[in-house]
Amino acid sequence: TAEELEDRLVPDLDLDSTGSRSLDFGRRKFQVGFDELLRPFVREKDGARLADLPKPAASDDAAAAAVATAIWKALKKDVKMLADIQISRLELAMTTRRSWTVEAFQLLFPRHPLMFHLARRLAWGLFDGDDLRTSFRVCEDGSLADCQDNGLALASDGNVRVLHPVEMDEPTLATWCSVFHDYELLQPFPQLDRPVPRS
């Protein structure tokens, strides 16, 4: 389908398997990361987060820094074009209850270097038809965990959806809100705090 094709056309932007990329200034190195809106940032060796790649210093390798700066500028430009589209697609998937096979989900989200950054900021559900089997999140290392932080393996015969809060009972929703708060996980769009009618 057109949606499935769009899923598979999301570029990895030459990010590594952890969803990052190293930018080398010779003496200094920086690691690329992404926030909840897929805005890129860099971390210094000591873990300090910077909103932008710093300008090269006299002690840096000028040639290496020039290459790193060019990569950073191209990455920012490419992500800016992709971010709103991919975030909107995921929110639409939630509201229309679009589902993926377990195999497709693993390939397109936890294992995708770019989409991983959005996937780990959402609550997901494993369904049997329209019946919710279990809810889970994507952890920072790409593994899966339930709302009690227990590791989880998905049954291959299920289907996966971005959970809408109306599909969770109030205790489960409250637990997920607490988990995301504890891990300081900001969401790319309103999910857990989305207003829902309760009878």
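User: What makes a residue a contact of Ser-20?

Analyst: Contact means heavy atoms within 4.5 Å. Leaving aside neighbours within four places in sequence, Ser-20 is in contact with Leu-15, Gln-31 and Val-32. This is a predicted model, in which local features need pLDDT of at least 70 and side-chain atom pairs count only at pLDDT 80 or more, while totals for chains, interfaces and linings use all residues. Residues are numbered from 1 along each chain as its sequence is written, and side-chain values use heavy atoms, with hydrogens and water left out.

User: Why is Ser-20 called buried?

Analyst: Buried means under 20% relative accessible area, exposed over 50%, and partly exposed in between (1.4 Å probe, protein chains only). Ser-20 has a relative accessible area of 9%, and is therefore buried.

User: What lies 2.7 Å from a polar atom of the Ser-20 side chain?

Analyst: The backbone oxygen of Val-32 lies at that distance.

User: Why is Ala-65 called buried?

Analyst: Its relative accessible area is 0%, so Ala-65 is buried. Leaving aside neighbours within four places in sequence, Ala-65 is in contact with Asp-24, Phe-25 and Pro-56.

User: What makes a set of residues a nonpolar core?

Analyst: A nonpolar core is a set of buried Ala, Val, Leu, Ile, Met, Phe, Trp, Tyr and Cys residues joined through side-chain atoms within 4.5 Å. The largest one here has 43 residues, and those with the most contacts inside it include Leu-90, Phe-109 and Trp-124. A second, separate core of 11 residues includes Leu-163, Trp-176, Phe-180 and Leu-192.

Key
A polar contact is a pair of N or O atoms within 3.5 Å; within protein, one must be able to donate a hydrogen and the other to accept it, and residues adjacent in sequence count only if both atoms are side-chain atoms.
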